[in-house]
Amino acid sequence: MDTNLARLQRITPTEADSFADTVLDGLARSPKEIACKYFYDEAGSRLFDQICELPEYYQTRTEVALLKRHAGEIAALMGSGVEIVEFGAGSLRKVRILLDAAHNPRAYTPLDISGDYLSDVVRVLAADYPALTLRPLVGDFTRPLEIPALSTPSRRAGFFPGSTIGNFKPDAAMALLRRMRSNLNGGGLLVGVDLVKDPVRLHAAYNDAAGVTALFNKNLLARANRELGADFDLDAFAHYAPYNAAAHRIEMYLVSLKRQTVTLAGRHFEFAQGEPLHTEDSHKYTIESFREMACRAGFSPRAVWTDEDRLFSMHWLESR
Ligand code: AVJ
């Protein structure tokens, strides 16, 4: 075992504990819904990594280019000796760019909801960064949580890339930013935010020709079958992801292609033909609308970076 790698530490009850309750509750609602954080079991995390490579999915590529281009400036803003805390760390690819530029980082603390996936990817990172203190945390950052202090604590800098903030309704997004601000003990936050743009381009990013996003969406049903013994017929649901231009968001659904009954934990759920199951929102912001929300959450927006085509933005927010 690598000595720079701390043992996986669980800081909130994770999604596995509540998946059954959530699905039972969500299927009993009208309209039916399951929250998007349940996409990310190990299989879903890997499908998401495939999405990031798709030609239509400009977000990851654009954000990585922004990080590379501005890494020096970002490292200077973070300052030396910081603990970098990443919310929803996923594949740990993006943080490498920050770690390579950072001035003598005190530690890297990735927090992710998928413990299985995190324990895999963190081992690879530990091998590549032998001098770095790595402290993986398993938890659900949509719940109130405490990030335990290091033995010798230092200033924190938050990292929240990928426009994950977009998966929250604006009120919840602001509440989340507030909680992150308090978790960071006065440190700044680097956050990636997808921008409002041509609806055709947005639509294509969530309706890729290879059908990976459809598989990702349907993994929710596959996961319910695997973990909860549900009997969803994956071919009897269609991936549907329209852009709601008035609300500035992509909405993702699984639409029942016929009248059918799904059984789960001894309970039966009826789907009408054409009935949607809501699985995700992905809100888009303008630079100004995001900065305004950050202000309301108690941050002072400082630097902001965007690409020439204004597809994506990175914001450096300071606590005030
Ligand atoms: C990057 C997690 C925010 O909303 O774009 C990708 C997830 N959903 N394709 C996004 C996602 C469908 C995604 N996040």
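Mentor: A polar contact is a pair of N or O atoms within 3.5 Å; within protein, one atom must be able to donate a hydrogen and the other to accept it, and residues adjacent in sequence count only if both atoms are side-chain atoms. The model is predicted, and its local features need pLDDT of at least 70, while side-chain atom pairs count only at pLDDT 80 or more and totals for chains, interfaces and linings use all residues. Residues are numbered from 1 along each chain as its sequence is written, and side-chain values use heavy atoms, leaving out hydrogens and water.

Let us begin at the ligand itself. There are 15 residues around the ligand, and Tyr57, Gly162, Tyr206, Glu280 and Ser282 come nearest (a residue is near if one of its heavy atoms lies within 4 Å). The side chain of Tyr57 places an N or O atom 2.5 Å from a ligand oxygen. For Tyr206, a polar side-chain atom is also found 2.5 Å from an oxygen atom of the ligand. In Ser282, the distance from a polar side-chain atom to a ligand oxygen is 2.6 Å. The protein buries 97% of the 350 Å² that the ligand exposes when taken alone (areas by the Shrake-Rupley method with a 1.4 Å probe).

The make-up of the shell can be described by class. Around the ligand there are 7 nonpolar, 7 polar and 1 charged residues (Ala, Val, Leu, Ile, Met, Phe, Trp, Tyr, Cys and Pro count as nonpolar, Asp, Glu, Lys and Arg as charged, and the others, Gly among them, as polar). At least two shell residues come from each of α2 (42-51), α8 and β13 (276-283) (helices are DSSP runs of H or I with at least four residues, strands runs of E with at least two, numbered from the N terminus).

Helix α8 covers residues 212-228, 17 residues in number, and its first and last C-alpha atoms are 23 Å apart, close to the expected 24 Å (1.5 Å times one less than the number of residues). A kink of about 35 degrees is centred on Asn219 in α8 (the bend is the angle between axes fitted to the seven residues ending at a residue and the seven starting there). Asn219 is also one of the buried residues of α8, which include Val212, Phe216, Leu220 and Ala224 (buried is under 20% relative accessible area, exposed over 50%, partly exposed in between, with a 1.4 Å probe and protein chains only). Thr213 likewise lies in α8, and it counts as buried because its relative accessibility is 2%. The side chain of Thr213 also makes a polar contact of 2.6 Å with the side chain of Asp208. Just after the helix, Gly229 has a positive phi of about 65 degrees.

Pro31 sits in the loop between α1 (15-28) and β2 (32-33), and the peptide bond from Ser30 to Pro31 is cis, with omega near 0 degrees. Pro31 is exposed, at 62% relative accessible area. Although Pro31 and Glu275 are 244 residues apart in sequence, their C-alpha atoms are 8.4 Å apart in space. Leu92, in the loop between β3 (83-87) and α4 (94-101), has a positive phi of about 65 degrees although it is not a glycine. With 1% relative accessibility, Leu92 counts as buried.
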